[in-house]
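Thank you for letting me take a few minutes today.

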Amino acid sequence: MKYCLVFILLLAVAYSSFDFTHHQNGHELFTSLRDETQKIWVVFVEAHPEGNDEVRTQNKDVKAAVKNMLTKEDVFYTELELTTDEQKEKYQDFIDLTKLDTDLLNEGPTVVLVYDKKGNWIHGHGIPQETVDTIHAFILQKEENDNRNQPISVGGSVQHPSAFESFGGGY
């Protein structure tokens with residue numbers, strides 16, 4: 001029994017840095033991104049448009065692929081669903097900070113990545129691989145980082161070639 005409890009505690013500690021689901025609104029998430037600059041943040045943002053099962057299935061598949069690729073990465077991961085106007089209003093601070101185009105969520109998910117008050121968002125074909133590539137770039141920055149007193153700047157969408165492709169078939 002004692003070993004079982006120790007195992008459960010170790011398991012909880014091992015996965016605690018991966019999952020950050022206790023935010024209640026956009027201000028809490030904004031504050032975490034602003035104040036916890038030495039963490040790499042991955043925010044999976046989706047909407048479930050009514051009557052569009054194709055987007056729901058696509059969101060589910062892309063989310064599973066992203067989570068699968070992140071299991072070996074030292075990141076803080078969370079998810080947002082911005083289907084209703086109420087949800088969008090609740091997370092407006094986050095939407096404004098990241099300059100997130102919520103209309104794109106009707107086509108498929110978006111992943112927001114932030115490290116050291118800088119980041120971008122990814123939407124379109126290739127989200128799982130681009131997410132990992134961006135995280136690896138952040139890890140390199142983390143190793144070289146020596147200037148921590150800059151204002152936060154997410155800056156908009158990523159300028160990766162696959163960001164210009166549509167969601168037609170696959171991720």
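How many aromatic pairs does the count come to by the rule used here? This is a predicted model, in which local features need pLDDT of at least 70 and side-chain atom pairs count only at pLDDT 80 or more, while totals for chains, interfaces and linings use all residues. Residues are numbered from 1 along each chain as its sequence is written, and side-chain values use heavy atoms, with hydrogens and water left out.

The count comes to two aromatic pairs, where rings of Phe, Tyr and Trp (its six-membered ring) pair if their centres lie within 6.5 Å, and planes under 30 degrees apart count as stacked, over 60 as edge-to-face and the rest as tilted. The rings of W41 and F76 have centres 5.3 Å apart and planes at 40 degrees, so this pair is tilted. It links distant parts of the chain, with W41 in strand 1 and F76 in strand 2, 35 residues apart; strands (E, at least two residues) and helices (H or I, at least four) are DSSP runs, numbered from the N terminus.

The rings of Y115 and F138, with centres 5.9 Å apart and planes at 40 degrees, also make a tilted pair, and this one joins strand 3 to helix 6 (residues 127-144) across 23 residues. Y115 is buried, at 1% relative accessible area, and F138 counts as buried at 5%, where buried means under 20%, exposed over 50% and partly exposed in between (1.4 Å probe, protein chains only).
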